[in-house]
Amino acid sequence: MTHPTALPDGNNKTPHDKDYLRRLLAERNQAPANAARIDAAIEQAFVRNVAILVLDMCGFSRITQSHGIIHFLAMIHQMEQAARPAIRGNGGEVIKQEADNLFAVFATPEQALEAAQDTLRALAAMNTVLPPERILNVSAGIGFGPTLVIAHQDLFGPEMNCACKLGEDIASANEILLTAAAYAALPTGRYVCENAHHQISGMDLPAHRFGHCLFERPLNPLGAGTMSPP
């Protein structure tokens, strides 16, 4: 199955790396009269309507206190072995990995949701053969909307912020939370989600908790065959 892609292909001649953004921002600061033109250039080069998936490993403080940071780093590596093939298999692209968090973009929220489910299923399969001190759990947040994307480096925007809060601060282990915008863009009749309104950092954050699919999904997550054994 061919998935739509979130970012420009290699034939796009407009640079969208951090150096180009810094040059534009420096020019904007030095020549405020040209702000409108520069803002348009930044939007053309960097702003994409994407779905954002934020995955967060659970249990950092507890595991590092009892088993040490190297043990947890090894667990992060195993989490990536499950998540990266699931993301690629659903048409996504990993933008960055920070500590125990993984950030990816997709063309649609459905792709992001499928990748999150495939990641959870791959981790569940790995957990069947792992000892208790190496059990892998993640929480997930999904947003959707105009986002400033610096290829392979960073993401900025309201939906990115909300996806981070849902995935890192609010969602429990093995839970997938979607912003209102991400949920609204899902195809109808395929997924069951329930309202999950939250308040965090002084802001209201309407969200939806993923429940289950209304169709039969493949038994094996996409890309799982490429994972190395634990």
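Which residues are buried in helix 1? This tour of a predicted model begins with that question.

**Before starting.** Residues are numbered from 1 along each chain as its sequence is written. Because the model is predicted, local features need pLDDT of at least 70 and side-chain atom pairs count only at pLDDT 80 or more, while totals for chains, interfaces and linings use all residues; side-chain values use heavy atoms, with hydrogens and water left out.

**Stop 1: helix 1.** Select residues 18-30, the 13 residues of helix 1. Helices (H or I, at least four residues) and strands (E, at least two) are DSSP runs, numbered from the N terminus. Within helix 1, colour Y20, L21 and L24, which are buried. Buried means under 20% relative accessible area, exposed over 50%, and partly exposed in between, with a 1.4 Å probe and protein chains only. An α-helix has 3.6 residues a turn, so residues three or four places apart point the same way.

Turn to the face of helix 1 directed away from its buried side, where the exposed residues R22, R23, N29 and Q30 are found. Then display helix 2 (35-46) and strand 4 (138-150), which are among the elements that cover the buried residues of helix 1. Contact here means heavy atoms within 4.5 Å.

**Stop 2: an aromatic cluster.** Select Y191, F210 and F215, which form one aromatic cluster. Rings of Phe, Tyr and Trp (its six-membered ring) pair if their centres lie within 6.5 Å; planes under 30 degrees apart count as stacked, over 60 as edge-to-face and the rest as tilted. The ring centres of Y191 and F210 are 6.3 Å apart and the planes stand at 65°, so this pair is edge-to-face. The pair links distant parts of the chain, with Y191 in strand 7 (residues 191-195) and F210 in strand 10 (residues 207-213), 19 residues apart. Both Y191 and F210 are buried. Y191 and F215 also form an edge-to-face pair, at 5.6 Å centre to centre and 80° between the planes.

How exposed is F215, and what is its relative accessible area? F215 is partly exposed, at 27%.

**Stop 3: charges over rings.** Finally, select K96, which lies over the face of F103 at 4.8 Å from the ring centre. A charge sits over a ring if NZ of Lys or CZ of Arg is within 6 Å of the ring centre and within 35 degrees of the ring normal.

Methods
The expected span of a helix is 1.5 Å times one less than its number of residues.
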